[in-house]
Amino acid sequence: MAVFQLSATPIQLDTARRLLGTDPGCGAYVAFEGWVRNHHQGRAVSALSYRAHPVLAVRAGTQLVQLTAAEPDVLGVAAIHRVGDLVIGDVAVWIGVLAGHRAAAFQHCRALLDRIKSEVPIWKHEQYTDGTSGWTGHDVKPP
Amino acid sequence: MKELQVTFWAALGERFGSGPHHLRSEAVDCMALWQECCMAQGIDAATQGLRVARNDEFVDWGAQIQTGDRIEFMPPFAGG
């Protein structure tokens, strides 16, 4: 089982967990929840939104979960990333990995998260408590 | 002259306007189009960390463009 989804509605953790199914050879289940926090690089965050490329994000995310599912000892992988408007405490991303042993489950859960952050076309727009806002991670510079 | 549909995502959209913009250009490849857009806005045409897609496929900056293509410029991804 290898699933990647974008979700415009709050991630339902019980539903997400069921995406993984079950496997009698599974000895470990590791899940990661990324939450919206109220600060970023010293600035107080009040809310944020995620935008994703509707075609390329799903394709890139699906390729990543499929690559993870093909790793030795991995028995199931699923990942869900929110899009749209979120508030502090919301789950922004969820990843679940089933594996025969805990080492593989921890390792591939973390690796998949890192690759989703850097390889899937999703962007975060933060709103700050001082009334300003901005996209994270990139500044357009004058020549 | 090629007729193109050009979109700028996230932070790039704030500078160029998100689009999609319907542009006419003589640019032969994605790099030339990017440089053309940057020159018009008076900003640095550096591509470090940026990605470009043509017709819903990631491509290299040297990818050729043809009339009718949909070109999308993207800043570094920032999910999670």
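Start by selecting Asp130(A), which counts as exposed at 52% relative accessibility. Keep in mind as you go that this is a predicted model.

**First stop: a bridge within chain A**

Zoom in on the two side chains: Arg43(A) and Asp130(A) form a salt bridge, with their closest N and O atoms 3.1 Å apart. Color by secondary structure and you will find Arg43(A) in strand β4 of chain A and Asp130(A) in the loop between β8 and β9 (133-135), so this pair ties together parts that lie 87 residues apart in sequence.

**Second stop: across to chain B**

Show both chains and pick Arg59(A) and Glu57(B), whose side chains meet in a salt bridge at 3.3 Å, N to O. Arg59(A) is partly exposed at 31% relative accessibility, and Glu57(B) is partly exposed as well, at 43%. Between chain A and chain B, the count is one salt bridge, along with 12 residue pairs in polar contact, both partners being at pLDDT 80 or more.

Together the two chains bury about 2,200 Å², of which 63% is on carbon and sulfur atoms.

Hide the surface and look inside. Which residues have the most contacts inside the largest nonpolar core? They are Ala79(A), Ile95(A), Leu112(A), Ile116(A) and Val120(A), in a core of 29 residues. Helix α3(A) gives the largest share of this core, six residues. Center on Ile95(A) and display its neighbors: among those it touches are Val30(A), Phe32(A), Ala78(A), Cys109(A) and Leu113(A).

Then move to a second, separate core of 20 residues, which includes Cys38(B), Trp61(B), Ala63(B) and Ile71(B).

**Last stop: a bridge within chain B**

Finish with Glu3(B) and Arg24(B), which form a salt bridge with their closest N and O atoms 2.9 Å apart. This pair links strand β1 (residues 2-8) to strand β2 (residues 21-25) of chain B, the partners being 21 residues apart. Glu3(B) is partly exposed at 46% relative accessibility, whereas Arg24(B) counts as exposed at 56%.

Notes. Residues are numbered from 1 along each chain as its sequence is written. Chains are lettered from A and ligands numbered from 1 in the order in which they are written. This is a predicted model: local features need pLDDT of at least 70, side-chain atom pairs count only at pLDDT 80 or more; totals for chains, interfaces and linings use all residues. Side-chain values use heavy atoms; hydrogens and water are left out. Buried area is the accessible area (1.4 Å probe) that two parts lose on being put together, summed over both. A salt bridge is a side-chain nitrogen of Lys or Arg within 4 Å of a carboxyl oxygen of Asp or Glu. A polar contact is a pair of N or O atoms within 3.5 Å; within protein, one must be able to donate a hydrogen and the other to accept it, and residues adjacent in sequence count only if both atoms are side-chain atoms. A nonpolar core is a set of buried Ala, Val, Leu, Ile, Met, Phe, Trp, Tyr and Cys residues joined through side-chain atoms within 4.5 Å. Buried means under 20% relative accessible area, exposed over 50%, partly exposed in between (1.4 Å probe, protein chains only). Helices (H or I, at least four residues) and strands (E, at least two) are DSSP runs, numbered from the N terminus. Contact means heavy atoms within 4.5 Å. Lists of a residue's contacts leave out its neighbours within four places in sequence.
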